[in-house]
Amino acid sequence: MQREEVASTTFMKQKVEEIGVAFDKTGMAPIIGRVLGFLLLADPPHQTFYAIQEFLGASKSSISHALNTLMFKGIVEYITFSGDRKRYFKLNAENWLEEAKCKMADFSEVDRVLMEALELRDQNKHQEFNEGLRKIFSFHLFMAQEMPKLFEKWERMQAAQKAESANDD
């Protein structure tokens with residue numbers, strides 16, 4: 001292996017680890033974040049199961065669990081090539097975006113439980129704590145009202161950028 005390749009591999013491993021830690025901080029399992037990190041940086045962007053496993057140095061079961069979780073969420077998909085029996089895993093940006101939108105917009109279950117907790121605590125003597133819960137609930141309601149507007153604004157911006165890009169060609 002050439003010196004540049006070793007440096008490049010070491011650098012990529014560090015970046016994949018950084019990305020994995022960032023996803024870990026969002027509540028994702030570390031191996032899932034590392035798989036995402038690898039697929040974000042891999043060239044080509046589609047990789048075999050064994051390439052992912054070899055690069056990350058993780059067990060088959062860990063990689064399998066991470067890929068299955070990511071495929072279930074729609075963030076990762078696999079493709080095949082004619083004459084090749086291997087599956088190649090890659091990020092599905094569109095589904096990932098939709099999953100993020102749904103996750104951000106769907107506070108309804110949390111809101112329901114917060115409301116129940118507030119109703120149960122209403123006569124409680126710890127009103128300062130209750131006020132904190134009311135603020136959280138109020139924030140969730142605000143986000144539920146504003147998020148659709150933000151999504152629409154973002155989609156308009158994307159359409160305008162796409163039109164502008166088409167005009168440049």
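Q: What volume does the largest pocket have?
A: Happy to start there, and keep in mind that this is a predicted model. The largest pocket has a volume of about 160 Å³.

Q: Which residues line the largest pocket?
A: Its lining consists of Phe23, Thr26, Gly27, Met28, Lys73, Ile75, Trp96, Glu99, Ala100 and Lys103. Helix H5 (residues 93-105) gives the largest share, four residues.

Q: Let's turn to a helix. Which residues of helix H3 are buried?
A: Buried means under 20% relative accessible area. Within H3 (residues 49-56), that applies to Phe49, Ile52, Gln53, Phe55 and Leu56. They span an arc of only 165 degrees around the axis, so they sit on the same side of H3. Tyr50 and Glu54, on the other side of H3, are exposed.

Q: What follows H3?
A: Glycine 57 does, and its phi is positive, near 65 degrees.

Q: And glutamine 47: is it buried or exposed?
A: Here the relative accessible area is 13%; the cut-off for buried is under 20%, so glutamine 47 counts as buried. This residue belongs to strand E1 (residues 47-48).

Q: What does the side chain of glutamine 47 reach?
A: It reaches the backbone oxygen of proline 44, at 2.8 Å. Setting aside neighbours within four places in sequence, glutamine 47 is in contact with Phe38, Leu39, Ala42, Ile52, Arg87, Tyr88 and Phe89.

Terms used:
Residues numbered from 1 in each chain as written. Predicted model: local features only at pLDDT ≥ 70, side-chain atom pairs only at ≥ 80, totals over all residues. Heavy atoms only, no water. 1 Å grid on protein atoms, 1.4 Å probe; cavity = no way out; pocket = protein on both sides within 12 Å on 5 of 7 lines; lining within 4 Å. Points joined across faces, edges and corners; volume = space filled by probe spheres on them. Helix = DSSP H or I, 4+ residues; strand = E, 2+ residues; numbered from the N terminus. Buried < 20%, exposed > 50% of the residue type's maximum accessible area, 1.4 Å probe, protein only. Arc of directions from axis to C-beta. Polar contact = N/O pair within 3.5 Å; in protein donor to acceptor, adjacent residues only side chain to side chain. Contact = heavy atoms within 4.5 Å.
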